[in-house]
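Reader: Hi! Could you walk me through this one? I'd like to ask things as they come up.

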Amino acid sequence: MKAYWVALACCLSLPAFAETEHPLLPGYAEQARQDNPAFTGFSAERGKALYFAEQKRDGKTMSCTTCHTADPRQIGKTPAYRKVEPLAPVANPKRFSNPKKVEKWFRRNCDDVFTRECSAQEKGDFITWINSLK
Amino acid sequence: MRRGKPLAVALVALAVAGFTIADDDEHRYKRPKRLAVPADAPQIWKDECASCHMLYSPGLLPAEAWRRQMDTLNDHYGSNASLEPEEEREIRAFLLRASARNHLPVEPAKTAGEPPRISQTRWFEHKHDEVSAAKFRRESVGGRANCVACHRDAERGDFDEDRVKIPR
């Protein structure tokens with residue numbers, strides 16, 4: 001009888017998981033675990049902190065917000081005056097749907113802002129946060 | 001008559017020198033003329049190059065300048081614009097092919113280490129010498145690299161002077 005309830009609980013909770021977890025997260029979690037065996041999961045809070053983290057570049061303050069604005073649900077602008085469609089999936093469902101594209105822009109923009117690559121932990125944290133925005 | 005010969009030679013030499021100077025001067029202000037974006041331009045070129053800045057018609061620079069752009073995408077005027085090798089090859093091939101009619105000399109950028117800039121070519125400076133620095137600084141204009149602000153069809157390679165409108 002107990003096993004029945006456990007099985008039922010699993011069946012009920014699985015679809016709920018599928019709905020909330022972003023499809024790119026399992027891959028990043030696996031990578032993060034490889035990078036650091038003590039990996040305990042992703043944090044939206046850390047993802048948000050990364051988005052607002054400021055760096056000095058050539059005397060100018062830079063962060064993700066420089067192009068994506070302080071609200072990633074809004075339209076942004078590149079330094080070359082190109083319109084940037086909203087980054088948050090709630091405002092722009094195409095975002096974070098193509099793994100190749102996601103990797104390309106993490107590669108470019110982490111280098112632009114932090115002059116380094118972002119770790120799988122950071123990418124997962126970030127997607128967890130940006131995907132949680134309503 | 002014998003004296004006339006050296007004089008004639010000197011005159012010819014002068015004329016040749018004069019021509020050379022005039023030619024050089026003209027060359028200096030020769031501007032690219034084949035600017036229309038080819039109809040078969042690959043979508044990947046549009047997608048990749050226009051996600052951060054306006055789409056620059058390949059004819060604006062000679063092929064060698066584009067080669068230098070494509071060789072330095074990791075540090076593209078301060079931004080990482082690196083591409084996947086396959087995308088890189090396709091875009092490079094298109095740029096070299098579509099800029100083949102531009103026979104102007106490559107003019108290096110003023111900042112060491114940067115690839116050539118369209119906005120720092122002599123013809124660009126000459127064509128815009130009546131546009132003040134203050135106008136270029138306007139938020140609505142967005143600098144010398146943002147052609148579309150004033151040339152509304154710039155991304156199709158249309159820079160017709162009669163249609164220029166500098167926004168307030």
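Predicted model: local features only at pLDDT ≥ 70, side-chain atom pairs only at ≥ 80, totals over all residues.

Reader: Great. How many helices and strands are there in chain B?

Author: Chain B has six helices and zero strands. Read from the N terminus, its elements go α-α-α-α-α-α.

Reader: And what share of chain B is buried?

Author: Buried residues account for 35% of its 168 residues. As for contacts in chain B between residues at least 6 apart in sequence, 60% of them join residues at least 24 apart.

Reader: Let's pick a helix. How far does helix 4 of chain B reach?

Author: Helix 4 of chain B covers residues 85-98, which is 14 residues, and spans 20 Å from its first C-alpha to its last. That is close to the 20 Å expected at 1.5 Å a residue.

Reader: Which of its residues are buried?

Author: In helix 4 of chain B the buried ones are B:Glu87, B:Glu88, B:Ile91, B:Arg92, B:Phe94, B:Leu95 and B:Ala98. They sit on the same side of the helix, because they cover an arc of only 165° around the axis.

Reader: Why does that spacing in sequence work out?

Author: An α-helix has 3.6 residues a turn, so residues three or four places apart point the same way.

Reader: Nice. What is on the face turned away from the buried side?

Author: That face of helix 4 of chain B carries B:Pro85, B:Glu86 and B:Arg89, which are exposed.

Reader: And what covers the buried residues?

Author: The cover for helix 4 of chain B includes helix 5 (99-114) of chain A, along with helix 2 (43-49) and helix 3 (63-71) of chain B.

Reader: Staying around there, where is B:Asn80?

Author: B:Asn80 is in the loop between helix 3 and helix 4 of chain B. It counts as buried, because its relative accessibility is 9%, under the 20% cut-off.

Reader: What does B:Asn80 touch?

Author: Leaving out residues up to four places away in sequence, B:Asn80 touches A:Arg107, A:Arg108, A:Asp111 and A:Asp112 in chain A, plus B:Leu73 and B:Asn74 in chain B. Its side chain also makes a polar contact of 2.7 Å with the side chain of B:Ser82.

Reader: Switching topic: how many aromatic pairs are there over all chains?

Author: The count is 11 aromatic pairs over all chains. Take A:Phe106 and A:Phe126: their ring centres are 6.1 Å apart and their planes are at 80°, so this pair is edge-to-face.

Reader: Which parts does that pair tie together?

Author: A:Phe106 lies in helix 5 of chain A and A:Phe126 in helix 6 (residues 120-130) of chain A, so the pair ties together parts that are 20 residues apart in sequence.

Reader: How many residues of helix 6 of chain A are buried?

Author: Nine of its 11 residues are buried, so helix 6 of chain A is mostly covered, with buried meaning under 20% relative accessible area. Among them are A:Gly124, A:Asp125, A:Ile127 and A:Trp129. The buried residues of helix 6 of chain A pack against helix 2, helix 3 and helix 5 of chain A.

Reader: Which charged ends sit over rings?

Author: One is A:Arg108, whose charged end sits over the ring of A:Trp105, 4.6 Å from its centre. Another is B:Arg144, sitting over the ring of B:Phe136 at 4.8 Å from its centre.

Reader: Last one, backbone. What is the phi of A:Asp58?

Author: A:Asp58 has a positive phi of about 50° although it is not a glycine. Most residues other than glycine have a negative phi. A:Asp58 is in the loop between strand 1 (55-57) and strand 2 (60-62) of chain A, and it is exposed, with a relative accessible area of 73%.

Reader: And B:Tyr77, what is its phi?

Author: B:Tyr77 has a positive phi of about 55° and is not a glycine either. B:Tyr77 is in the loop between helix 3 and helix 4 of chain B, and counts as partly exposed at 27% relative accessibility.

Definitions and conventions:
Residues numbered from 1 in each chain as written. Chains lettered and ligands numbered in written order. Heavy atoms only, no water. Helix = DSSP H or I, 4+ residues; strand = E, 2+ residues; numbered from the N terminus. Expected span 1.5 Å × (residues − 1). Buried < 20%, exposed > 50% of the residue type's maximum accessible area, 1.4 Å probe, protein only. Arc of directions from axis to C-beta. Contact = heavy atoms within 4.5 Å. Polar contact = N/O pair within 3.5 Å; in protein donor to acceptor, adjacent residues only side chain to side chain. Phe/Tyr/Trp six-rings, centres within 6.5 Å; stacked < 30°, edge-to-face > 60°. Lys NZ or Arg CZ within 6 Å of the ring centre and 35° of its normal.
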